[in-house]
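Dear colleague,

I am handing over a structure to you with this email, and below it I have set out what was found. Please keep the sequence beside you as you read.

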Amino acid sequence: MQVEIQHGPANAAARVILNAGETLTAEAGAMIAMSGSMKVETTTLKKGSGGVLKALKRMIAGESFFLNHFTAGKAGDDVWLAPTLPGDVTTLDLGAEAMIVQGGSFLACEHQVNVDLGWQGFKSLFAGESVFWLKIKGPGKALVTSFGSVYWVDVDGEYIVDSGHIVAFPESLKFVVTKAGKSWISSILGGEGLVCKFQGKGRVLCQSHNAQGFGGALGPLLRPRN
């Protein structure tokens with residue numbers, strides 16, 4: 001599988017080139033276009049299998065209930081994918097270590113990549129943020145998306161990241177959820193609230209914009225329906 005990211009970082013789209021017989025699993029509604037000989041199968045989990053309970057967990061995590069599986073024909077095919085929100089697309093080369101991905105940022109992965117639907121490390125901890133996160137593990141490639149541009153933050157010891165700007169991070173990184181300022185009052189008045197303090201050595205994938213913050217700012221400006 002080959003991945004070409006185009007038109008990033010503001011309005012990225014991914015062209016995924018599959019060899020004969022290769023399968024790509026993607027979020028429902030992510031496809032822009034595809035080769036005419038591409039075969040598509042829709043399930044609630046892996047190709048050829050279901051899983052309603054895990055699909056429901058995926059919906060809670062901000063993902064779609066169904067997944068589409070694109071399988072290339074004998075000559076190989078390609079498919080174009082894009083996220084719902086304007087932003088960037090990043091390819092993660094997964095190895096033995098699992099990556100934790102925020103709900104709504106998972107776009108697609110190679111068929112052999114395992115997606116654990118319902119990682120609850122942040123459950124009830126981030127007020128206003130995703131309740132469930134996803135755990136993805138290789139071997140293989142996965143595509144994740146960001147709202148706005150995406151960048152890596154290197155953690156070597158300790159680093160603090162606003163919870164709404166986290167896209168993905170290695171499972172080996174330890175973290176604690178804490179207040180942003182010296183006191184709860186300063187954290188609330190400063191608009192930061194809860195942050196994630198990472199500890200260890202690794203890289204955190206961050207996004208430049210906060211989707212929920214954007215929605216909160218845009219909501220009052222929308223004209224109510226009659």
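Met31 counts as partly exposed, because its relative accessibility is 36% (buried means under 20% relative accessible area, exposed over 50%, and partly exposed in between, with a 1.4 Å probe and protein chains only). Met31 sits in strand 4, residues 31–34, where strands (E, at least two residues) and helices (H or I, at least four) are DSSP runs numbered from the N terminus.

This is a predicted model, in which local features need pLDDT of at least 70 and side-chain atom pairs count only at pLDDT 80 or more, while totals for chains, interfaces and linings use all residues. Residues are numbered from 1 along each chain as its sequence is written, and side-chain values use heavy atoms, with hydrogens and water left out.

Val153, which belongs to strand 14 (residues 150–162), is buried, since its relative accessible area is 11%. Its C-alpha is 6.4 Å from that of Leu205, although 52 residues separate Val153 and Leu205 in sequence. Apart from neighbours within four places in sequence, Val153 has contacts (heavy atoms within 4.5 Å) with Tyr159, Gly202, Arg203, Val204 and Cys206.

As for confidence, the chain has a mean pLDDT (the predictor's confidence in each residue, from 0 to 100) of 81, and 76% of its residues reach 70 or more. Confidence is highest in strand 7 (residues 77–81), at a mean of 97, and lowest in helix 1 (residues 52–60), at 52. Where pLDDT is low, the predicted coordinates should not be read in detail.

With best wishes
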